Amino acid sequence: MILSFDTSCDDTAVSAFEDDTKYSNIVISQNSVHSKFGGIVPEFAARNHVNTIHQATTEALRELSVEIKHIDHIAVTIGPGLMPSLLVGVAFAKAIAYSNRKPIIPVNHIEGHIFSPFIGREIEFPFISLVVSGGHTHIFKVNGVGNYELMGKTLDDAAGEAFDKVARILGVGYPGGPIIDKLSKEGNPERFSIPQGMAQENTLDFSFSGPKTFVNNLVKKLGNLSKTDTADIAASFQKSVVDILCRRLFEASKVSGIKTLSISGGVSANSLLRNKLKEIASTHKLKVIIPELPMTTDNAVMIAKVASLSLSRGTYNYSKIDADPRFKTYEAQPP
Ligand code: KG4
Ligand code: ZN
């Protein structure tokens, strides 16, 4: 039985986790706090984690009808993420571990995303994992738990960040991804030809600053946007991002010869991306593992899942754990 925490960004997430079918998933969103700024303010995120983490923990235990005495291990995201936010979860987890004499398992947030599509599903190694969130756009070859090869990444903005920035340019709200997803359903994706967010042709890297600047210039050129203009820009931008994500994932499969692919992270909630990947899978006889919607955005179930998979890496005394905002996924094990 694991009690896990993730406060890497702006959601306070806690889970009590027995196995893949028996867990609680409490996520207290801070969208209303940050929406007026059009992005996350780290200082406010941390303060709100302080206010909500106790409540989230109580709810996580109650939902699974367990008490702290039933917990064997504490798991916590130590990085990567926003340092002020990480510190709250790590300090809280350490306090619980200390006062209840429980061992801690430190977890890498990106590793959590990598395994989030496999909660309740059998894991087939090796697989190609595309992690697309507000902070990351990475393609990994996953050989096993803790064994990751980075194949490609964004050289500037993450895909989710690009969605958020374009939503801000369009003045449609925050977080941008779900809003653009919804707006796009009424828009014409063919009206504007937005450059694809790719870096060099012969790599698996991404670059989303070009498409974002293109939208910025387009909006300036058009002046006052009608509802149709806004929806058409949203749909055209979404299509350009989804096209490059699918293309890179497909290329990663081709160069590695691996036919099991997965997506995860907040952007994997995108309806066009999910549908397009299902099409590609059936056309090219590939297996694409897509996470359940609640597992796409930040949550603590995926952190417990990684902890349960990595028990053999060892557990730690509370005093040995610290937040590490730049914790590399391919290091997997804390120093
Ligand atoms: O994984 P996540 O919850 O947090 C990070 O670790 O960053 O991802 C949040 C990101 C935001 O940028 C948000 O705009 C994006 O995921 N997102 C979406 C959708 N839902 C969330 N992007 C595109 N389409 C969506 N439906
Ligand atoms: Zn995340």
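This is a predicted model: local features need pLDDT of at least 70, side-chain atom pairs count only at pLDDT 80 or more; totals for chains, interfaces and linings use all residues.

Biologist: How many residues does helix 7 have, and what is its reach from first C-alpha to last?

Modeller: Helices here are DSSP runs of H or I with at least four residues, strands are runs of E with at least two, and both are numbered from the N terminus. The expected span is 1.5 Å times one less than the number of residues. Helix 7 (residues 209-222) has 14 residues and reaches 20 Å, close to the 20 Å expected. Just past its end, Gly223 has a positive phi of about 75°.

Biologist: Which residues of helix 7 are buried?

Modeller: Buried means under 20% relative accessible area, exposed over 50%, and partly exposed in between, using a 1.4 Å probe and protein chains only. As a general idea, an α-helix has 3.6 residues a turn, so residues three or four places apart point the same way. In helix 7 the buried set is Pro211, Lys212, Val215, Leu218 and Val219. They sit on the same side of helix 7 because they cover an arc of only 125° around the axis, taken from the directions from the axis to the C-beta atoms. Lys220 and Lys221, on the other side, are exposed.

Biologist: What covers that buried side of helix 7?

Modeller: The cover includes helix 5 (159-170) and helix 8 (227-256). Contact means heavy atoms within 4.5 Å. Pro211, Val215, Leu218, Val219 and Leu222 of helix 7 meet Ile233, Phe237 and Ser240 of helix 8.

Biologist: And at what angle do the axes of helix 7 and helix 8 cross?

Modeller: Axes are lines fitted to C-alpha atoms, for helices over the stretch in contact, with angles from 0 to 180 degrees between N-to-C directions. Under 35 degrees counts as roughly parallel, over 145 as roughly antiparallel, 65 to 115 as roughly perpendicular, and the rest as oblique. The axes of helix 7 and helix 8 cross at roughly 165° and come within 11 Å, which means that helix 7 is roughly antiparallel to helix 8.

Biologist: Is Leu222 buried, exposed or partly exposed?

Modeller: Leu222 is partly exposed, with a relative accessible area of 30%. Not counting residues up to four places away in sequence, Leu222 touches Phe192 and Ile233. His73, in strand 5 (residues 73-79), is buried at 18%. Leaving aside neighbours within four places in sequence, the contacts of His73 include Met1, Pro103 and Leu311.

Biologist: Where are the cis peptide bonds?

Modeller: One runs from Phe125 to Pro126, with omega near -10°. Another joins Tyr174 and Pro175, with omega about -5°.

Biologist: What is phi at Ser65, and what is it at Arg101?

Modeller: Ser65 has phi near 55°, positive in a residue other than glycine, and is exposed at 64% relative accessible area. Phi of Arg101 is near 50°, again positive in a non-glycine residue, and Arg101 is exposed at 75%.

Technical notes: Residues are numbered from 1 along each chain as its sequence is written. Chains are lettered from A and ligands numbered from 1 in the order in which they are written. Side-chain values use heavy atoms; hydrogens and water are left out.
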